[in-house]
Amino acid sequence: MGSLEDKKSFMKEFIERKPNRCSKCKGRLKYIGGGHYKCYDCDNEELDDFGKIKDYIDEHGASPAVVISDQTGVPVDLINGMLHEGRLEIPEGSSIYIECESCGCSIRYGRFCPDCIRARTNNLNGIFFNPDVGEKPKNFERKQEGKMHFMNRW
Ligand SMILES: [Zn+2]
Ligand SMILES: [Zn+2]
């Protein structure tokens, strides 16, 4: 899967792009959770890429990665990286999800659905320790799939 290299470059890029100084007064920032940082000096809030995307999805719902990238300025690679790592989850009830890389069904985060991981590892416990496993959305209606758009396919 080559995922170790992918993960390393994803983390490197994510960390490099993190805000470390206030954009208004150049003051130091304190992490306050959810990808938000607050300036010690002027109370200005800064967002890292995770915060930008999370806020966007909270406000507008899940959208194709290209659209989110367009709106937030976060590169598509990083959006997909965060979804694959499970840092970012697509909320239940969205009309858009990401695609299991093996069977193509809908998952909210990760790279593979639990069924595919189970088939691969042939071991029920395997799925709990596999960082690539995602979660299928609940109450997802299969008949919607004709008009479904996947976040990681465009
Ligand atoms: Zn400041
Ligand atoms: Zn699958």
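Both C100 and C116 are buried, where buried means under 20% relative accessible area, exposed over 50%, and partly exposed in between (1.4 Å probe, protein chains only). This is a predicted model, in which local features need pLDDT of at least 70 and side-chain atom pairs count only at pLDDT 80 or more, while totals for chains, interfaces and linings use all residues. Residues are numbered from 1 along each chain as its sequence is written, chains are lettered from A and ligands numbered from 1 in the order in which they are written, and side-chain values use heavy atoms, with hydrogens and water left out.

**Zinc ion (ligand 2)**

- The protein donors here are C100 (SG), C103 (SG), C113 (SG) and C116 (SG), at 2.3 to 2.4 Å from the zinc ion (ligand 2); donors are N, O and S atoms within 2.8 Å of the metal (3.2 Å for Na, K and Ca), and sites may look incomplete since water is not among the atoms.
- Along the chain, these donors follow the spacing C-x2-C-x9-C-x2-C.
- C100 sits in the loop between strand 4 (96-99) and strand 5 (106-107), and C116 sits in helix 5 (residues 114-121), so the pair links distant parts of the chain, 16 residues apart; helices (H or I, at least four residues) and strands (E, at least two) are DSSP runs, numbered from the N terminus.
- C100 has a relative accessible area of 2%, which means that C100 is buried.
- The site of the zinc ion (ligand 2) is tetrahedral, with angles of 104 to 116° among its four donor atoms; four donors count as tetrahedral if all angles lie between 85 and 135 degrees.
- For comparison, the ideal angle for four tetrahedral donors is 109.5 degrees.

- C39 counts as buried because its relative accessibility is 2%, whereas C42, at 36%, counts as partly exposed.

**Helix 4**

- Eight of the ten residues of helix 4 (residues 76-85) are buried, so this helix is largely enclosed by the rest of the structure.
- The buried residues of helix 4 include V76, L78, I79 and N80, along with G81, M82, L83 and H84.
- Just after helix 4, G86 takes a positive phi of about 80°.

- The structure holds zero disulfides, a disulfide being a pair of cysteine sulfur atoms within 2.5 Å.

How values were computed
Tetrahedral: all angles 85-135°; square planar, octahedral: opposite > 155°, others 65-115°.
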